[in-house]
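Hi everyone, thanks for coming. Let me put today's model up on the screen, and then we can walk through the sheets and the ligand site together.

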Amino acid sequence: MKILVTGGCGFIGSHFLRYMMKAYPDDFFICLDTLTYAGNKNNIADFLNRSRFTMVEGNIRDADFVDTLFATHKPDILVHFAAETHVDRSIVGPQVFLETNVIGTGVLLDACLRYGIEHFHHVSTDEVYGALPLQGGSPFTEQSPLKPTSPYAASKASSDLLVLSYYKTYGLPVTISRCSNNYGTHQYPEKLIPLMIQKALQGKPLPVYGDGLNVRDWIHVVDHCRAIDYILQKGKVGEVYNIGAREEISNIDLVKLMLNVLGKPHELITYVPDRLGHDLRYAIDSSKLESLGWKPEYTIEETLKELVEWYRKRLFK
Ligand code: NAD
């Protein structure tokens, strides 16, 4: 089996490749990544030179390049992580989010149709559902309406709809997963956890948006990767699967937890003007996926110490 992974040099894609290479020692893996600021070959340094692994640098928006890649490597499965992913950047400059997340996904779908791929898995986000109120409001199910608020979330929701249209219109075998916020090693230090760890270790103020009460649902990145593997093995074509670990925590409580682990004072916390359109709360119901046998193995409390240590070593070497 040949598995093409887009965005494999980013945070989750690199974990997914590592997980899959270990789980499927007879399979071949191709990583397609254009190495934006968020992509880094160091993230895959531990398997970059293995014979079962091929790194291809290129842009998913480049239809000719993607066509040549499919013609050359003939992948059986595509797992699509490549995206612009930072909400704040999408507010400042939404255009590239449309180009990569929507047009780029369309280029890949077309190539998959032409080359008769066995399975296209699209990695999406719970942010497509919009926000819940802080109190009450049931966690999002796969039936919840799409109500994205940020340009990032809107671009992901658009790509989800495009993927489903290729299933309905052309019968392309697709699945979609919508996952909550991930934590783990190898994340670019603009996202909440590595950013706060970096600032705290430097003794700098920790910028917390608004009152910090916004709630996010967190999941360990390896649990996310295992969930995608479950969907590839047991998921039904044309279906959407939510992925979450039911670990709701407010931003401020998470930052305090990190400061406690780092042994740094809470006085480092500095409240800054809220992000535009900041969603109050995300919570995700993943019982559909759990009915296939998947369940999360990690908790944030248990893994935070190890995580903080990893970033302490990497960010300051
Ligand atoms: P990331 O920003 O760390 O990595 C994105 C990767 O995609 C990078 O390696 C980048 O170089 C590559 N890329 C970007 N544009 C490209 C292009 N045009 N062509 C080829 N490669 C390109 O992102 P991440 O956090 O690992 O997220 C991966 C996927 O998971 C995204 O689709 C995201 O929407 C989704 N997701 C992320 C989270 C999260 O908490 N991080 C949660 C749910 C879903």
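Let me start with a definition: two strands pair here if DSSP finds at least two bridges between them. Strands (E, at least two residues) and helices (H or I, at least four) are DSSP runs, numbered from the N terminus. Before we go on, this is a predicted model, where local features need pLDDT of at least 70 and side-chain atom pairs count only at pLDDT 80 or more, while totals for chains, interfaces and linings use all residues. Residues are numbered from 1 along each chain as its sequence is written, and side-chain values use heavy atoms, with hydrogens and water left out.

β7 and β9, residues 215-220, run parallel and are joined by three bridges. Within that pair, N182 has I219 of β9 as its bridge partner. The whole sheet is open, has three strands in the order β7-β9-β11, and its pairing is mixed. β7 (181-183) and β11 (248-250) are the edge strands, each pairing on one side only. From one strand to the next, the twist averages 50 degrees; axes are lines fitted to C-alpha atoms, for helices over the stretch in contact, and angles run from 0 to 180 degrees between N-to-C directions. Helix α7, residues 221-234, packs on this sheet and touches β7 and β9, at about 70 degrees to the direction of β9. Contact there means heavy atoms within 4.5 Å.

Now the other sheet. It is open too, with seven strands ordered β3-β2-β1-β4-β5-β6-β10 and parallel pairing. β3 (53-57) and β10 (240-243) each have a single partner strand, so one side of each is left without a neighbour in the sheet. Neighbouring strands are turned by 20 degrees against each other on average, direction ignored. Strand β4, residues 77-80, pairs with β5 in the parallel sense over four bridges, and H80 stands opposite H122 in β5. Helix α5 packs on this sheet, touching β5, β6 (174-179) and β10, at about 155 degrees to β5. And α7 is back: it lies across β4, β5, β6 and β10, at about 145 degrees to β5.

So, which residues are closest to the ligand? They are D33, N59, T85, Y152 and K156, out of 28 surrounding residues, counted when a heavy atom lies within 4 Å. For polar contacts (pairs of N or O atoms within 3.5 Å), a polar backbone atom of T36 is 3.0 Å from a ligand oxygen, and one of I60 is 3.1 Å from a ligand nitrogen. The protein covers 96% of the 840 Å² of accessible area that the ligand has on its own, by the Shrake-Rupley method with a 1.4 Å probe. The elements giving two or more residues to the shell are α1 (11-23), β5 (119-125), α5 (151-170) and β7. The largest share, three residues, comes from β5.

Technical notes: Polar contact = N/O pair within 3.5 Å; in protein donor to acceptor, adjacent residues only side chain to side chain.
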